[in-house]
Structure formats: C-alpha cells, structure tokens
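Dear colleague,

Here is the structure for you to look through. My notes follow below it.

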Amino acid sequence: MKYLYLIIFTFFSTTAFCSSGADTLRLSLQQVVELAKKNSIAAKQAITVRETKYWQWRTFRSNYQPQLSLSGTLPGYSKTYTQVLQPNGSILFQPIHNDNSSLQLDFSQTITATGGTVYGTTQMQRFYDFDRDNVLYNGVPYAIGYSQPLFQFNSLKWDKKIEPLKYNESKQAYIESQEQIAYTVSGYFFDLLLAQVNLQIAETNYTNTQKILKIAKLKFDLGKVSKNEILQLQLEQLNAQKAVGTAKRDMEIATLNLRSYTGVEGDDKIALEIPGSSINMNVSADKVLTEAFANRSDAIAFVRRLAEAKRDVAKAKGQSGLVATLTANLGFSNSAQNVFDVYKSPQNQQLLELKFSIPVMDWGRSKSRVKTAQANEQFTEYAVEQDKQTFKQQIVTQVTLFNMMKDQLVFTAQADSIASEKYQIARERYVLGDLSITDLSIAFEENDRAKRDYVAALRDFWGAYYQLRYLSLYDFEKNQKITYK
C-alpha cells in the first residue's frame with residue numbers, strides 16, 4: 001500500500017485512463033485528429049466547399065475558351081389566322097398554314113485584352129407553305145464578325161486577375177479548415193482526458209480514504225485520535241464518493257461530445273492516451289510570419305481585396321460618359337427552292353454598326369459613382385493594412401505563447417511529481433501518527449490539483465501547437481508546407 005498511489009500515477013503516464021478490455025477503444029491525440037479530419041461533419045463540409053470552389057473555377061475558365069452552340073426551331077409548324085397588311089393600307093386577317101423551321105450553328109471567342117468577341121455563324125431556314133405546296137430555303141453559308149465594346153468596363157480582363165486569386169484562396173482555405181478541425185477536436189480530446197483523469201483520481205481517492213478511515217478507527221479504539229478526526233475522514237469519504245459520481249457524469253458527456261464531433265460510432269468505451277509533453281521542433285516568429293504570408297488564405301485575400309477595389313473603380317468609370325459598341329460582320333447569304341442552291345453563288349452580306357449612349361444630363365450620378373468607388377478603394381487599402389498588422393501580431397503572440405507553454409509544461413510536470421511525492425509522505429506520516437488530518441487533507445488537495453494542472457498544461461501546449469499550424473499552414477516537425485489531397 002505504501003507505493004500504491006505512485007504505481008497508479010505511473011500507470012496514468014503509460015497507458016489510457018480506462019480499464020482494459022476487448023470493448024475498449026484506445027486512442028491517441030493524433031488518432032483522434034485523423035478521425036475528425038476523415039469523418040467529422042466539419043470535414044465533409046470543407047470538402048463540399050472545396051468542390052464548389054473548384055467548379056466555380058472551371059466555370060470561370062470556360063469563359064475564355066471557344067464556344068460552339070447549335071440552336072434552331074424544329075419544327076416551326078403554325079396554322080392560324082394572322083393580320084396581313086394590304087396594298088391600300090387596310091388590314092385583313094388571312095389564314096396561314098406553314099412550317100418555318102431553322103438551324104443555326106454559332107462559334108465565338110472572347111478577346112481578353114480588349115473585351116471584344118470574334119464570332120462566326122452558319123444558318124439554314126426552311127419555309128413550307130402547306131396551302132400552296134411551296135418550299136423556300138434561305139441561308140447564310142458562313143459569316144464572320146467582330147463586336148467590340150468601346151469605352152466600357154472590361155470584365156474579362158479583371159476576372160482574369162481576380163478569379164485565380166479566389167481559387168488559390170479557396171485551396172488554402174481548405175487546408176486551414178483541416179487544421180481548424182485538428183485544433184477544435186484537440187479541445188474535445190482534452191475535455192474527455194481531463195474527465196477520465198478526474199474519474200480515476202476520484203476512484204483512487206475514495207479507495208484511499210476508505211483505507212485511511214479503517215486505520216483511523218483502529219487508532220480511535222486505542223485512543224490515539226479524536227472523534228473529530230473520524231468525522232472528518234467520514235466526510236471526506238462521502239465527498240470522494242460524490243466526486244466519483246460527478247466524474248462519471250462528466251466523462252459520459254465528454255465522451256458523447258467527442259464521438260459526435262469525430263463521427264466515431266459504436267458502444268465501445270474510449271480510453272485516451274496522454275500525449276507527449278515535448279515536440280522536436282524549433283519555432284521563430286520570423287519563420288512563422290514568412291510561411292503564413294506564403295500559405296494562408298488571408299495573405300491571398302489581402303491582394304484580392306485590393307484588386308477588387310481597383311476593379312470597382314474601373315467599372316464605375318466604364319459606366320459613365322460615352323458607352324459604345326462597334327459591330328462588323330462579313331459573310332454570304334442566299335435563298336433558293338432547294339438546299340443545295342443556297343450554297344451556289346451566294347450574295348455578299350455586310351454589316352457595320354456603331355451603337356452608343358451618351359448621358360446628357362444625369363445630375364452628377366456618374367461622378368458620384370466614380371467618387372464612391374474611389375473612396376471605397378481608399379478604405380479597403382486602410383482596412384487591408386490594418387488586417388495585415390493584426391495578422392502579424394496574432395502570429396507573433398501565438399509563437400510567444402507556444403514557447404511559454406513548453407516551459408510551463410515542464411514546470412507543471414515537476415510540480416505534479418513533487419505534489420505526488422509529498423502526498424505519499426503525508427499518508428505515511430499520518431499512519432505513523434506524525435501528521436494531523438488537516439495537513440493530510442491539504443496534501444490530498446494539492447496532489448489532485450497538481451494532476452489536473454498538468455493535464456490543463458498539456459491542453460494549452462497542444463492547443464498552441466495546432467493553432468500554430470493553423471496560422472502558418474506549415475509543419476515545423478517535418479519542415480514542410482502542409483498539404484492535403
């Protein structure tokens with residue numbers, strides 16, 4: 001019995017806080033993190049968001065590829081009465097019975113630099129009059145053209161700058177979501193670990209209190225202890241018994257929370273292993289800042305936000321003043337009573353068109369739009385600069401906290417060891433009658449508090465570790481960037 005508590009503590013440090021058995025699922029911190037990244041709802045949501053962003057990127061890229069489309073009306077059957085303008089200007093409603101079908105094949109290619117569009121087309125129309133049994137074909141064997149907006153906002157040019165930033169930002173955001181899952185589930189892990197530690201402490205304390213109470217009763221029979229000490233030990237025994245019940249309740253809640261987040265199903269008990277108290281890695285603020293600005297989605301967002309602000313200014317300017325579109329078309333067209341004759345000696349088809357719009361009086365609307373966009377651009381520049389400073393400060397603070405947590409963990413482990421040894425000595429002295437029940441209770445409480453403080457220190461240390469990975473998207477153990485398939 002002399003080394004009972006020391007043996008139990010050693011058991012804590014080398015195995016899980018749960019009875020062994022075939023129905024026990026033993027998990028380390030890293031295993032819990034991997035389960036959460038694989039099975040949690042948060043992980044599935046992150047995958048869905050990543051796929052959505054990917055297809056948005058594919059949609060954007062398709063805007064710059066050649067487009068080929070086929071359209072038509074097959075059939076174009078009609079049987080009705082319609083108004084027909086007569087030579088003298090009067091209107092008569094005449095019956096019509098025809099089929100007016102058509103097919104058209106269009107090709108287009110946008111020009112990013114200018115915002116214009118090169119296009120080509122070929123058309124065929126068939127008109128059949130059922131009443132007169134007459135067929136007529138009309139077609140455009142081929143035609144090419146070019147449409148060029150003048151003095152307008154070029155969305156293609158700006159999208160080509162901004163959309164790649166958005167896509168890269170989404171890819172890094174997915175990695176961040178994975179690291180955020182690791183940080184979040186580590187909290188659930190230590191909630192359950194602390195609950196299991198508390199249960200083991202409570203059960204051990206209850207057992208030890210029962211044994212000390214038996215010894216105290218023997219001493220009481222010999223007249224070596226007072227009735228007050230017996231009552232004090234009985235009270236501590238009741239408190240220890242209550243603590244066992246409370247610890248079991250807390251462990252069930254913590255287990256449910258961990259299962260729910262990680263997606264672990266089944267009725268097996270979960271036993272958590274105490275994670276290590278050290279990591280083979282060197283962290284400096286300069287290194288973390290460098291990796292953060294190279295990897296984080298926030299760093300890409302800084303550039304994107306400034307580009308979007310400049311785009312909005314260009315858009316406001318493009319929508320004010322003269323707005324025009326120049327369209328030129330050159331091709332051939334013909335009509336005949338059969339399909340093949342349409343392609344024999346077709347006639348030239350030409351089109352040159354300039355459409356424009358000039359605001360004569362808009363009461364300063366265009367100017368207001370431009371000034372508003374410019375003011376928003378200036379505000380965005382200030383906001384981005386402020387966010388950069390906050391971003392840097394957050395990283396520097398986290399590096400400092402991580403290094404502090406490493407030192408704090410060493411001190412807490414030493415305090416735990418000292419408190420455990422002190423409690424062993426206090427128990428032995430009480431058995432020998434060399435220590436009061438009050439001093440034993442103090443040693444008892446200090447020992448429990450030291451063990452809980454050690455688990456809390458572990459939680460802070462590993463939380464700081466996963467937060468550092470999240471902020472930098474860099475694995476300082478392997479000295480490489482964090483990536484996911």
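**Helix packing**

Helix 3 (residues 41-62) and helix 4 have axes that come within 10 Å and cross at roughly 170°. Axes here are lines fitted to C-alpha atoms, for helices over the stretch in contact, with angles from 0 to 180 degrees between N-to-C directions. Because angles under 35 degrees count as roughly parallel, over 145 as roughly antiparallel, 65 to 115 as roughly perpendicular and the rest as oblique, helix 3 is roughly antiparallel to helix 4. The contact (heavy atoms within 4.5 Å) includes Y54, W57 and F60 of helix 3, and Y167, Y174 and I181 of helix 4. Its residues divide into 11 nonpolar, three polar and five charged. In this count Ala, Val, Leu, Ile, Met, Phe, Trp, Tyr, Cys and Pro are nonpolar, Asp, Glu, Lys and Arg charged, and the others, Gly among them, polar.

The model is predicted: local features need pLDDT of at least 70, side-chain atom pairs count only at pLDDT 80 or more, and totals for chains, interfaces and linings use all residues. Residues are numbered from 1 along each chain as its sequence is written, and side-chain values use heavy atoms, with hydrogens and water left out. Helices (H or I, at least four residues) and strands (E, at least two) are DSSP runs, numbered from the N terminus.

Helix 2 packs on helix 5 at an angle of about 50°, the axes being 8 Å apart, which makes helix 2 oblique to helix 5. V32, L35, A36 and N39 of helix 2 meet L258, Y261 and T262 of helix 5. This contact has five nonpolar residues, two polar and no charged.

Leaving aside neighbours within four places in sequence, W462 is in contact with L29, F190, P275, G276 and I279.

**Strands**

Strand 4 (residues 91-110) and strand 5 (residues 117-129) pair in the antiparallel sense over 13 bridges; pairing takes at least two DSSP bridges. S102 has Q125 as its bridge partner in strand 5. Strand 5 also pairs with strand 6 (residues 134-150), antiparallel over 12 bridges, and F127 stands opposite L136 in strand 6.

Regards
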